[in-house]
Amino acid sequence: MMIIQYRMFLIVLMCWVITGCATSVSPSREYLLMDADLQKAHVQPSKEASVQLMPIVVANYLAGNEIVLVTSQGEVHRSQNNLWAESLSPQLTRLTQQRLEKTLPDITWFGGQRLPSYAIALLNIEVDDFYADLDGMIHISGRWQTISAAGELSLSNTFYVTGELQSDGYSTMVQALSASWFNQVIDPMSKEIAKSLNK
């Protein structure tokens, strides 16, 4: 009796292994934000200054590697097969610094923990929304502040950007989010910072 039970166990185990191996797994796709217009970005003349770009803070629901879709009812759908190749916060921070260095070249930009010995101003950016909805619209929102070297609030503003996707697909969504971030969030911010420094 024990031998029969043992054989049955082996047969069930082998069927389970074969079934597991035969099940097709959809390959995942990974995406990075790209600043396609970096070389064409307009330079904003400003007074010389030193500013540290603090790591961009994203809302907790955006902190994972899954690309999210959000319904108008607030339901969050996380894609298991369409992922950020790098989480949003470091991507946004690195690419934003590159755009700021291009548009505001008179400012010395410091990122991460590379702090000089002298006092510098700070730029803080917080992102609340960075997603597409099920109706084919992208949403980007948040706020930013500059803090002077003396620790006082110099500038503060919010941003809210929406746009319609021209076609379906995660690739289109990532491209639209990228373009909107740089052209409708970072470039207007650069102009405000330059204007403030030139007063």
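Two strands are taken to pair if DSSP finds at least two bridges between them. Helices (H or I, at least four residues) and strands (E, at least two) are DSSP runs, numbered from the N terminus. By these criteria, β8 and β9 run antiparallel and are joined by eleven bridges. The model is predicted, and local features need pLDDT of at least 70, side-chain atom pairs count only at pLDDT 80 or more, and totals for chains, interfaces and linings use all residues. Residues are numbered from 1 along each chain as its sequence is written, and side-chain values use heavy atoms, with hydrogens and water left out.

The protein chain contains three helices and nine strands, arranged along the sequence in the pattern α-β-β-β-β-β-α-β-β-β-β-α. Of its 199 residues, 40% count as buried, where buried denotes under 20% relative accessible area, exposed over 50%, and partly exposed in between (1.4 Å probe, protein chains only). The accessible surface of the protein chain amounts to about 11800 Å², of which 56% belongs to carbon and sulfur atoms; accessible areas come from the Shrake-Rupley method with a 1.4 Å probe, and for residues only the protein chains shown count as cover. Among contacts in the protein chain with a separation of 6 or more, 67% are between residues 24 or more positions apart, a contact being heavy atoms within 4.5 Å.

Strand β8 (137–147) is largely enclosed by the rest of the structure, because nine of its eleven residues are buried. On one side of the pairing scheme, ten bridges join β8 to β7, and these two strands run antiparallel. The β7 and β8 strands form a hairpin with four residues between them, and Gly136 in the turn has a positive phi of about 80 degrees. A hairpin is also formed by β8 and β9, with five residues between them; here Gly151 in the turn has a positive phi of about 90 degrees. Arg143 in β8 stands opposite Glu126, and the bridge partner of Arg143 in β9 is Thr158.

The largest nonpolar core comprises 46 residues, of which Leu92, Leu123, Ile125, Val127, Phe130 and Trp181 touch the most other members. Such a core is a set of buried Ala, Val, Leu, Ile, Met, Phe, Trp, Tyr and Cys residues joined through side-chain atoms within 4.5 Å. At least two residues of this core are supplied by each of β2 (49–53), β4 (66–70), α2, β6 (107–111), β7, β8, β9 and α3. Helix α3 provides the largest share, eleven residues. With residues up to four places away in sequence not counted, Trp181 touches Ile56, Leu92, Thr96, Ile125, Val127, Phe130, Ile140, Phe159 and Ile186.

A search of the whole structure finds two aromatic pairs. Rings of Phe, Tyr and Trp (its six-membered ring) pair if their centres lie within 6.5 Å; planes under 30 degrees apart count as stacked, over 60 as edge-to-face and the rest as tilted. The Phe130 and Trp181 pair is edge-to-face, because the ring centres are 6.1 Å apart and the planes stand at 75 degrees. Since Phe130 lies in strand β7 (residues 121–132) and Trp181 in helix α3, this pair ties together parts that are 51 residues apart in sequence. Phe130 is buried, with a relative accessible area of 2%, and Trp181 is likewise buried at 1% relative accessibility. Phe159 and Trp181 form an edge-to-face pair at 5.8 Å centre to centre, with 85 degrees between the planes. This pair links distant parts of the chain, with Phe159 in strand β9 (residues 153–164) and Trp181 in helix α3, 22 residues apart. Phe159 counts as buried at 9% relative accessibility. Phe130, Phe159 and Trp181 form one aromatic cluster.

The structure holds six salt bridges, each defined as a side-chain nitrogen of Lys or Arg within 4 Å of a carboxyl oxygen of Asp or Glu. Arg99 and Asp187 meet through their side chains in one of them (2.8 Å, N to O). The pair links distant parts of the chain, Arg99 in helix α2 (residues 88–103) and Asp187 in helix α3 (residues 170–197), 88 residues apart. In the salt bridge between Lys40 and Asp37 (3.5 Å, N to O), Lys40 is exposed, with a relative accessible area of 63%, whereas Asp37 is partly exposed at 27% relative accessibility.
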